[in-house]
Amino acid sequence: MKFKANSRRKAIEYEKDLVTYWKENQTFEKSVDQRSKDNAYVFYDGPPFITGVPHHGTLLSSVVKDAIPRYWTMQGKRVERVWGWDCHGLPAEVFTEKKLGIHDKRDIGTKISLEQYITTCRSNMVQTGDLWENTIDRIGRWVNFKGAYKTMDKEFMESVWWAFKELYGKGKIYEGEKVLLYCTRDATPISKAEVAMDNSYQDVTDPSVFVKFKLTDSDSHLLAWTTTPWTLPANTAVGVGANEVYAEVKLDSGEQLILLKDLLPTVLTDEKHQPVEHEVLREIRGKELIGKSYEPLFADRGKKAHLIWDYPGLSTEEGTGVVHLAPAYGEEDYELSREKNFPFVSVIDDNGFYTEGEWAGEYVWDANKPIAKKLHEQGVVWKIDYITHSYPHCHRCGTKLMYRAHPSWFMDIDGQRTEMLEENGNVNWFPAHIKHGRFEKTVQSAPDWNISRDRFWATAMPVWKGIDKDGNEHIKVVGSYQELEELSGVVLEDYHRPWIDDVTFTIDNVKYQRIDKVLDCWFESGSMPFAQFHYPFENVEQFEQNFPGDFIAEYVGQVRAWFYYLHAVNVGLFGKNAFNNVIVTGTVAGNDGRKMSKQFGNYTDPNELMDLYSADALRYLLLSSPLLNGEDFSLVDKDVADVQRKLAMIWNMYDFFTMYAEVDNWEWDGDLSDPTKDCTNALDLWIISRTHQLVNEVERHMDNYDVPNALKPVLPFIDDASNWYVRRSRRRFWKSGDDADKQAAYRTLHYVLVRLSYVLAPFTPFLADELFRMLTGKESVHLEDWLPAGHVNELLLTEMTEVRDYVNQALSVRAQNGLKVRQPLALLSVPKLGSLIDYGDILTEEVNVKSVEVGDGLELDVTLTPELLREGMAREVIRNVQSARKKAGLSIDDRIILSLATGSDELKKAIKEHRTTILSETLAQDQKITDALYQDSVMVDGEGLVIELQKQ
């Protein structure tokens, strides 16, 4: 194969051309198909939401999800990559409701029919596919869009039904009531994991009230503290600490209050935070208060209401040591009410409106402050403070959440917690600290999973209920469409609501109606490994042979979300971890360190960034950044530009190689084998060993999913190859004739560049393929198998490192003495010389000294003789002539006639003494010039010099 100079293309040209080339030649499909199905590597792609748009965060995930499969493909694995779309749940519903002008759940079925709503949701789920595909192509990710699964597909939903029934049959799904985070706008519970995933907490200012509960047997009031005055109408009990010491105090106003003794100084202050005068009447043990009754704040809630109970886990650090209990709106309150059997009262409906009392019909968050103010006016509230605190909000619509007891269906996490922790031991996490850190702690503390939602656009819960003639409830869980057909005789085209709601059946004279709940879309996400294959109805062998998956990757928020739910569902179903290896990335921030936001204007559109620099530079920066260690990272345009500049050194080497290869008509014979055995030049042997060392390091770290450390040695290697190997080999390519050393230099540089294309293929796929195809003429590096590293001569690497260190030390001494490198010096002493590398040759050239000897340390003779000064002047002459050649537009192999004229006797003497070197270095003869091509006047060490040259 022959090579042509000036064949290098700009990144934007070859990146966009390669996208087309890969598609036209089905390169991705070939890379998969040419590997055996018996050697599969299973990759799970956490799908984006179909109504979303690509951004830097999703591109980060896509880059990781591309690099790892490309690497394992080159290792001979068959890595099928299928795109998926999340289609269900609140994101889709909120998106649809904004388009329809719907403000809350009550509008569905009134302003718009449920059928129309669901149909609109479905039609909205196909809007952004082209935008995604174009952006994914631009970043260089290979994935099959045509075979994409959608969670709204009925085949996917049927697998979810199967999973639900399996878990129900194992006793791992149950119906119950618990206090849950609840969104009043969407009228559905929200899981804590969803709120924690993207830290959907916002700072809010709420009234903090101190409420008086009058004891029925005395004039004293228990003083309770709450930051949720909206819950006071649902109060049914008060809690104290049985073993705590309380104080009964009398204020100047005559009021008598009971509160925790140790909290008196912090509680008994006025609005200006000054102490309130008081007299301590007596001390009381908490157990003396337990069982006493108090007067209701509002309505009397009946038997066993308005009593004082021992409250486990009472805080003695804040509040008053007295707790107001509203079981419908507090987790601990609810559990205590169940244990002690005191009343449970709900005063707020599903949409957040009061159903009784003075505030009936008012929205809970609108009434919160008025309730506090009104009770203060009535003397029920002793004082009001306002606190700013972090409070959970709906991650989808932004509504302030409430805690609310709600009937739901749950997956029994507590019953499989130990197994989930044990199976986590089989997973390789990167970064490693997440394994026994965030993920393990998530499993350890996770409550039973609320898997039901009171919504519409999602997989319908496959639960039917019937009531027999004696009033007993019967439950039938359906695990397939065929089973439903056998029970009801009904086959549906679409198994979403409302059509599935109309399907009923009768068993033993009991009519069954489906409950109107749908499944949490995270249950679908957790079912993805098998549901994408429509398992167990199809592809049974394909799934079972390839489970658990080999690799998944997402950003850190998914540790508590998708990663957790995958683990929960699949440990529950199959008793094993769902994935073997996982990469957790950090979060991409804007160039100012804040969250990326159009409002802040703190980031450049990713497509603009890729067009300006390159997709490969963006990929490389992301993959080598702290993001791949699970840390956050600010994406700054300059960093992308820096990476592009460093990667461009590869093309500088390519330009150098093709320029001389064309001149010498050097051809590659198709042999990519290790050329070590044919090399005698230490420089060739060194760069080949460096190449093999690089391959070893990249392979070792990639096998452990440590991408940043895999990339860490790449740019230093490129710098070594360009600024040391090529620079020091430059004279070898200038030599005339077809000598063996020049041939070895050509073959070595070609070998190094091609091997570099293999190494870079997973990370910078465009650059790697362009380089590979230009150097080999083959179809694509992405169809090649990873080449194992050859021999690494450790002693050679050590000696080259040592001699380069000597060079750097000596150049530092030069700089300290203000001596330019072109100025020759007499002598350099170094501690030792090499056995494989000629230190003297390298040091003589790099440090520009006449001789090198072994001494006690590194010493440079900086004495300048007249002879040395003249030689320095000759070096400056050569530099200026080379510059003139370039300005004249001459090629590197063009020979010239050169004329040098100066009025300086010392410069004339320098030119005369070094005439042969000057002519040799500049490919010149000093014949008389008849037709000057170029003329220039320059200064050499303060002396004027006229340069004339003519092409020979």
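**Close-up views of a predicted model**

Figure 1. At a relative accessibility of 3%, Asn848 counts as buried; buried means under 20% relative accessible area, exposed means over 50%, and partly exposed lies in between (1.4 Å probe, protein chains only). This is a predicted model, in which local features need pLDDT of at least 70 and side-chain atom pairs count only at pLDDT 80 or more, while totals for chains, interfaces and linings use all residues. Residues are numbered from 1 along each chain as its sequence is written, and side-chain values use heavy atoms, with hydrogens and water left out. Look for Asn848 in the loop between helix 28 (839-847) and strand 28 (849-854); helices (H or I, at least four residues) and strands (E, at least two) are DSSP runs numbered from the N terminus. Asn848 is not a glycine, yet its phi is positive, at about 65°. Most residues other than glycine have a negative phi.

Figure 2. His306 sits in the loop between helix 10 (286-289) and strand 11 (307-310). Its phi is near 65°, a positive value in a residue other than glycine. With a relative accessibility of 4%, His306 counts as buried.

Figure 3. Phe430 and Pro431 are joined by a cis peptide bond with omega of about 0°. Pro431 belongs to the loop between strand 15 (428-430) and helix 14 (433-445). The bond from Tyr535 to Pro536 is also cis, with omega near 0°, and Pro536 is found in the loop between helix 16 (521-531) and helix 17 (540-545). Most peptide bonds are trans.

Figure 4. Glu80 is in the loop between helix 3 (56-74) and strand 1 (82-85). Is Glu80 buried or partly exposed? Glu80 is partly exposed, with a relative accessible area of 37%. Leaving aside residues up to four places away in sequence, Glu80 touches Val32, Tyr41 and Gln542, where contact means heavy atoms within 4.5 Å. Phe28 is 52 residues from Glu80 along the chain, and their C-alpha atoms are separated by 9.7 Å.

**Figure 5. Ile68 and the largest nonpolar core.** The largest nonpolar core holds 119 residues, and Ile68, Ile583 and Leu635 have the most contacts inside it. Such a core is a set of buried Ala, Val, Leu, Ile, Met, Phe, Trp, Tyr and Cys residues joined through side-chain atoms within 4.5 Å. Helix 21 (residues 637-664) gives this core its largest share, 12 residues. Not counting residues up to four places away in sequence, Ile68 touches Tyr41, Phe551, Ile583, Met702, Tyr705 and Val707. Apart from this core lies another, of 63 residues, including Leu232, Val240, Tyr294 and Leu314.

**Figure 6. Stepping back to the whole chain.** The secondary structure comes to 31 helices and 33 strands. The radius of gyration is 38 Å, well over the 30 Å that the globule rule gives for 952 residues, so the chain is more spread out than a compact globule; this radius is taken over C-alpha atoms, and the rule is 2.2 Å times the number of residues to the power 0.38. Along the principal axes, the C-alpha atoms fill a box of roughly 120 × 80 × 50 Å. Buried residues make up 55% of the 952 residues. Of the contacts with a separation of 6 or more, 77% involve residues 24 or more positions apart.
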